[in-house]
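This report describes how one protein chain is arranged inside. Look over the sequence and the model, then read on.

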Amino acid sequence: MSLVPPPFDPELAAALELIKDVISPGLTLDQIDEIRQGPGIALLAELDLTLDGFFEVEDRTVPGPEDAPEISLLICRPAAPPTAGPRPVVYHVHGGGMVIGNNRVGVDVPLAWAKETDAVVVSVEYRLAPEHPHPAPVEDVYAGLVWTAEHAAELGADPERIVIAGASAGGGLCAALALLARDRKGPQVIGQVLMCPMLDDRNDTPSAHQMAGVGVWDRTANETGWTALLGELRGGPDVPAYAAPARAEDLSGLPPAFLDVGSAETFRDEVVAYASRIWQAGGVAELHVWPGGFHGFDGFAPQSALSQGARAAQLRWLRRLLAN
């Protein structure tokens, strides 16, 4: 097996060069607290989530899973009255390797979609590992989805037009959420947007080996995130699909999926395999592998041509889904 990584897109390689002193690819357990306290997370509080007054923004505390703490939802609704009945909902799950982040991480992406499609965004905050291992994160995410579906009317939204979306760990949690909602006969979501999703705790694909020590999230970081979530179960035979969706034996009966990933990142092969297995189960999936993309490239270098293409593809898929 070749361990030579595929080349980065030239624009993205230049962006990586600029951030290499701030972000290293290999996160370890002892670095989690330092990153949580770092300036990046604090700066999120200063974002203008109204997009110059387009959205009304509210933080709402709602019931969590049974016998668990309440959860926080960030709710962003267009300020103008709807033009054609209740709005669709983008239910967003943030990334952060299962160990960092809050409901403002990455929310700029669904807000941009919502501005174009007249949708409501609900972004959920979930408990983080290692303090809160599986199933705490996915159960929080499920509880937030149930609340959103049950209270859609008061948000001016349509409970039968909910799309779930997330990047990285958030993408993995969305994939797990789709499985959980199917199996529990919970809220019926109409689509899932899985952006560079974190799906497989086994961390042993060719791309995981190829990208060791390269980019922004490598095999060491991946082992850190999964070990925080699963402890000694990680990589073993007893990992449930609701923790690592790549473990699911049955991918039938899931909502249509949009999956994208970079060709030069750790998650490439597990994402391609997951899309293939959705098709093999008779499902609907659109897969994009962006040539030369590193993990989360469109967030780090949004002005690059590849990032613009990725964002445009996401929005086109969402528009088609909502038009049906």
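Which element gives the most to the lining of the largest pocket? In this predicted model, the answer is α3, with 4 residues. Other elements supply at least two lining residues each, including α2 (32-37), β3, α4 (108-117) and α10 (297-300). The pocket is lined by 45 residues in total, and I23, G96, I100, V105 and F300 are the ones that lie nearest its centre.

Rolling a probe the size of a water molecule over the atoms shows where empty space is left. A search of the whole structure finds 2 cavities of 30 Å³ or more. Among the residues that line the largest cavity are M195, D260, V261, W290, F297 and Q314. Two or more lining residues come from each of β7, α10 and α11, and β7 has the largest share, with 3 residues.

The table sets the two spaces side by side.

| Space | Volume | Element that gives the most to the lining |
|---|---|---|
| Largest pocket | about 1,500 Å³ | α3, 4 residues |
| Largest cavity | about 80 Å³ | β7, 3 residues |

Strand β7 also belongs to the sheet. This is an open sheet of 8 strands with mixed pairing, in the order β1-β2-β4-β3-β5-β6-β7-β8. Strands β1 (55-62) and β8 (285-290) each have a single partner strand and stand at the edges, so one side of each is left without a neighbour in the sheet. On average, neighbouring strands of the sheet are turned by 15° against each other, direction ignored.

The partner of β8 is β7 (residues 257-262); the two run parallel and are joined by 6 bridges. Within this pair, V261 stands opposite V289 in β8. Helix α11 (residues 305-323) lies across β3 (87-93), β5 (157-167), β6 (191-195), β7 and β8, and runs at about 175° to β8.

The last topic is the nonpolar cores. The largest one has 66 residues, and Y91, V93, V122, V141, I164, L259 and Y274 have the most contacts inside it. Helix α6 (residues 169-183) gives the most to this core, with 10 residues. Apart from this core lies another, of 34 residues, which includes V109, A301, L306 and A310.

What does I164 touch, leaving out residues up to four places away in sequence? Its contacts are Y91, L145, C174, L177, A178, V189, G191, Q192 and V193. Of these, Y91 is also listed among the residues with the most contacts inside the largest core.

Terms used: Residues numbered from 1 in each chain as written. Predicted model: local features only at pLDDT ≥ 70, side-chain atom pairs only at ≥ 80, totals over all residues. Heavy atoms only, no water. Core = buried A, V, L, I, M, F, W, Y, C linked by side-chain atoms within 4.5 Å. Buried < 20%, exposed > 50% of the residue type's maximum accessible area, 1.4 Å probe, protein only. Contact = heavy atoms within 4.5 Å. Pairing = 2+ DSSP bridges. Axes fitted to C-alpha atoms, helices over the stretch in contact; angles between N-to-C directions. 1 Å grid on protein atoms, 1.4 Å probe; cavity = no way out; pocket = protein on both sides within 12 Å on 5 of 7 lines; lining within 4 Å. Points joined across faces, edges and corners; volume = space filled by probe spheres on them.
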